[in-house]
Amino acid sequence: MRKYISLIAFQFFTLLAFAQVQVSNLLCENRTNPVGLDVVQPRFSWQLNSNKRNVLQTAYEIRVADNSASLEKGNTLIWNSGKVTSDSSVHVAYKGTPLQSGKKYYWQVRLWDNTGKGAAWSTPAYWQMAFLNTNDWKAKWIEPGYAEDTLMRPSPIFRKQFSTNKKIQSATASITAHGM
């Protein structure tokens, strides 16, 4: 008899877990994890997923951090919208502290449905800001190192070796070319 009760309880809790509302398809300015975003107040979008019919979003909460560990713990956030009563899930604007040029930000959202149940936090997404000011650019051209022939020239190979004493956690290469 215990086996049957345990089996029924297991199936019931599995069904509850499966019926839970989930948040997916996180977009920032209509893109997945964009790099080089030049919008100072980016807009977020997401989708509600449920295996039940007539499930609607009634509230959401967005949180943003400048590193994934802070986001996961929910501390040292640079912005938390708090619980906002709204069915909006498209182009919800960032309203936190001013964003820094070239910096990477992590965000996630959770929502509540029309039965009052809250979803778990979504899988984190991110975006990286572009250089917003001309003073942010600190680069030098990498030249081919020889006089170019104007006709029948092969495409040059550009290389630059460098070393650093710091441990690299992440790197972004901003690449452009001379105009003609």
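Student: What does the side chain of Ser 45 lie 3.0 Å from?
Tutor: In this predicted model, a polar atom of that side chain lies 3.0 Å from the backbone nitrogen of His 91.

Student: Where is Ser 45, and is it buried or exposed?
Tutor: Ser 45 lies in strand β3, residues 43–49. Ser 45 counts as buried because its relative accessibility is 6%, and the cut-off for buried is under 20%.

Student: Which residues is it in contact with, leaving aside neighbours within four places?
Tutor: Ser 45 is in contact with Asn 25, Leu 26, Leu 27, Asn 30, Ser 89, Val 90, His 91 and Trp 107.

Student: Ok, Cys 28 now. Which residues does that one touch?
Tutor: Not counting residues up to four places away in sequence, Cys 28 touches several, among them Pro 34, Phe 44, Trp 107 and Trp 127. Cys 28 lies in strand β1 and is buried, with a relative accessible area of 1%.

Student: New topic. How many aromatic pairs are there in the whole structure?
Tutor: A search finds eight. In one of them, Trp 79 and Tyr 94, the ring centres are 5.2 Å apart and the planes are at 70°, so the pair is edge-to-face.

Student: Where do those two sit in the chain?
Tutor: Trp 79 is in strand β5, and Tyr 94 is in the loop between β7 and β8, 15 residues apart. Both are buried. Trp 79 and Tyr 94 also belong to one aromatic cluster with Phe 44, Tyr 105, Trp 107 and Trp 127.

Student: And which ring does the charged end of Lys 104 sit over?
Tutor: The ring of Tyr 126, 4.2 Å from its centre. Lys 83 lies over the face of Trp 112, at 4.4 Å from the ring centre.

Note on methods
Residues are numbered from 1 along each chain as its sequence is written. This is a predicted model: local features need pLDDT of at least 70, side-chain atom pairs count only at pLDDT 80 or more; totals for chains, interfaces and linings use all residues. Side-chain values use heavy atoms; hydrogens and water are left out. Helices (H or I, at least four residues) and strands (E, at least two) are DSSP runs, numbered from the N terminus. Buried means under 20% relative accessible area, exposed over 50%, partly exposed in between (1.4 Å probe, protein chains only). Contact means heavy atoms within 4.5 Å. A polar contact is a pair of N or O atoms within 3.5 Å; within protein, one must be able to donate a hydrogen and the other to accept it, and residues adjacent in sequence count only if both atoms are side-chain atoms. Rings of Phe, Tyr and Trp (its six-membered ring) pair if their centres lie within 6.5 Å; planes under 30 degrees apart count as stacked, over 60 as edge-to-face and the rest as tilted. A charge sits over a ring if NZ of Lys or CZ of Arg is within 6 Å of the ring centre and within 35 degrees of the ring normal.
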